[in-house]
Amino acid sequence: MTLKFIGHLTGRVKMTNPFHTPFVAVFQNEVLLNSKRVAPYALIILFSAHAVLWWGWSAAATYGWATNGDYNIVRNLQGFSLLGLPIFTALIMGDAVIRDFRIGVDPLVFSKPVSRSAYLLGKFFGNFFVLVCCQSTFALTMLLLQWFPLARVVVLPVRVFPYFKHFFFLVVISHLFLAAIYFTVGTLTRNAKIVYASAVAFYPLYIAYGVLFLKELPRRWGVTLDPMLVGFNSVDRVNWEDADGINRIVISYSSDLFANRVGVILIVALVLTLLYFRFSIAERPGKAEEFSTLGLSTAAEGVYYDSESFKETSGPPSRRTESPETLKTTVVTSVPLPAVNTASVGIRAHLNKLIAALGVEFRLLRSERSLVVILPLAMLLSFLSLPFQAAFSGETYSAAFASRTASGLLVFLLGVIVFYTGEAMHRDREVRIEPVLWSMPAPNSVLLLSKFLLTISLTLVLIVLVGLTAIATQLLRGHTPVEIQAYLITYSVILLPSIVFMAGTSLALNVLLRDKYLAYAVSIGTGAGLFYLYSIGYNHWLYNPLLYQLWKYADLTGAGNNHVTILTHRIYCLAIGGMCLALAHLFFERRSTMGLTIGGRLRGNGWSILMMVISAAIALIAGLVIDARE
């Protein structure tokens, strides 16, 4: 007799705890898992540091705005929402379902009485809750800084509600939209690289959407159809010098903005509904396997070849059939084994091992489904970054096209480097073949350089595709002649040293931090902070390794004033990249060799220290030359 039936007989109904449901169980499990990861805590520290940076070293401090005024709060939250959060959103939301399939717990999870809706919604809202908790530290830090004013900043009387209102309206709902997109892409493709590529591509795609579509619409429709509300501003024209006028601004939300937010929530519901119908936790029906019965019995006779029959004869070797008793008494003549010498030392042996390891990495890369998305996406972004006007301020068409593609796609290429390096470095451990690889007689340099060269090769392929797309677009528009030399000079001077620098630093971060998501968070947070400093005028050559807004095509050809400085800066970046490679080799977790020398010769660690010292010296000298020329 069931409890329900007993309840009907006794007239009592047992109340069910609404929090004891499969959805809540999945939600709590996701929050618990994220609490044990390092990445959310790294994001909290990065977001708080950005809040401090934007509080004391921003336009508000420069022009005398009130740091807790409505205009400055909204401006900071809009910049925070766009600058680095899309990639951080992908970092938290992209692999929520992928993780279950990667570690092999999906059969255990799906064997429980959990419906598709409870599983997907629990995963989505559990990770989104963690993301919002991390994001809220930015607003909370700005709120707390009201009680610690600096002499250089202006602070109005303490305010609390505007921080929560604008944060929810501009950040939470906007990133609910991105979270749904990234969660759906990761769940359906089960490939984290596609999610990361989508996150990196968000910036040029969103900019193109705003410039080519929203800008042509009336202001009301432009605000209504902007899912991120980055272009929203309650004041048409603001004089940054008028600090008193800006401090008196009170930002309110019109019906168009509320319609925008409701529309975003409806789109999120639609995306999750489509995901619900496309995702299945049940095994697909297949053809029933046919079983065969195999009977094992002792053989009555055996077949063997006599050793004499292997001598050079015109016919086939003689075959005889004997009984098992005869086979037992057969004496096998021993044959001496050939002499074998090990060839695991020397430059040639290491080079052969590197080629073999690189071949394995290329075969793994060839099977990557993410390339189907990344390669066409690079070509599309290359096309969107090209200029549309006919005049180029004295530059040739090829120089203008090469310069625009090099500047416009730099963030995308660097995102590819960061995420592919992280995936390559931690893939062996995630699929549990790292002990097998580490047992091979290959030095650490082979294991590291193969992944480093793979990332460089992939980026070079993307650069070639970008260049070919730019050349084809130039020809189709009739902007001739095509100067191949302009593309070669721009890409070799600007892009190649930058990708070597980023690949080296990304490799070192993954080795030192030993956590893929922590390395992602540190890389993205550092990059976002640097780009923020560049945007407000702090773009010195020594901490601007990508030469962001510091070069023109004339400087690359010697016609400008910064030709020598740019070439010295490229040597500076290559030296830092080499130093990071040596650092990664020195602190690589697999300690196959100990000591610096053997038999009076340098070993792997000895060469690493020597390379690190030489690279540091070159970077120091190049940095002094750059600083002296400024």
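Modeller: We may begin with a definition: a salt bridge is a side-chain nitrogen of Lys or Arg within 4 Å of a carboxyl oxygen of Asp or Glu. The model before us is predicted. In this model, D70 forms a salt bridge with R159, and their closest N and O atoms are 2.9 Å apart.

Biologist: Where in the chain do D70 and R159 lie?

Modeller: D70 belongs to helix α5 (residues 70-83), whereas R159 sits in the loop between α9 (116-144) and α10 (161-189). The pair links distant parts of the chain, 89 residues apart.

Biologist: Is D70 buried or exposed?

Modeller: The idea here is a cut-off: buried means under 20% relative accessible area, and exposed means over 50%. D70 counts as buried because its relative accessibility is 2%. R159 has 23% relative accessibility and therefore counts as partly exposed.

Biologist: Which residue forms a salt bridge with D428?

Modeller: The partner of D428 is K451, with the closest N and O atoms 3.2 Å apart. This pair also links distant parts of the chain: D428 is in helix α19 (residues 410-430) and K451 is in helix α21 (residues 444-476), 23 residues apart. D428 and K451 are both buried.

Biologist: Which parts of the chain does the pair K516 and E430 tie together?

Modeller: The side chains of K516 and E430 meet in a salt bridge of 2.7 Å, N to O. K516 lies in helix α23 (residues 516-535) and E430 in helix α19, so the pair ties together parts that are 86 residues apart in sequence. K516 is buried, at a relative accessible area of 4%, whereas E430 is partly exposed, at 24%.

Biologist: Which residues do salt bridges that share partners join into one network?

Modeller: One network is formed by E30, D95, R99, D100 and K123. The structure as a whole holds 14 salt bridges.

Biologist: Let us turn to the nonpolar cores. Which residues touch the most other members of the largest core?

Modeller: The largest nonpolar core has 138 residues, and F88, F183 and F412 touch the most other members. Helix α22 (residues 484-513) supplies the largest share of this core, 14 residues.

Biologist: Which residues does F88 touch, not counting residues up to four places away in sequence?

Modeller: With those left out, F88 touches L43, L46, F47, L131, A521, I524 and G525. Another core, of 15 residues, lies apart from the largest one; V74, L229, I246 and Y253 are among its members.

Technical notes: Residues are numbered from 1 along each chain as its sequence is written. This is a predicted model: local features need pLDDT of at least 70, side-chain atom pairs count only at pLDDT 80 or more; totals for chains, interfaces and linings use all residues. Side-chain values use heavy atoms; hydrogens and water are left out. A nonpolar core is a set of buried Ala, Val, Leu, Ile, Met, Phe, Trp, Tyr and Cys residues joined through side-chain atoms within 4.5 Å. Buried means under 20% relative accessible area, exposed over 50%, partly exposed in between (1.4 Å probe, protein chains only). Helices (H or I, at least four residues) and strands (E, at least two) are DSSP runs, numbered from the N terminus. Contact means heavy atoms within 4.5 Å.
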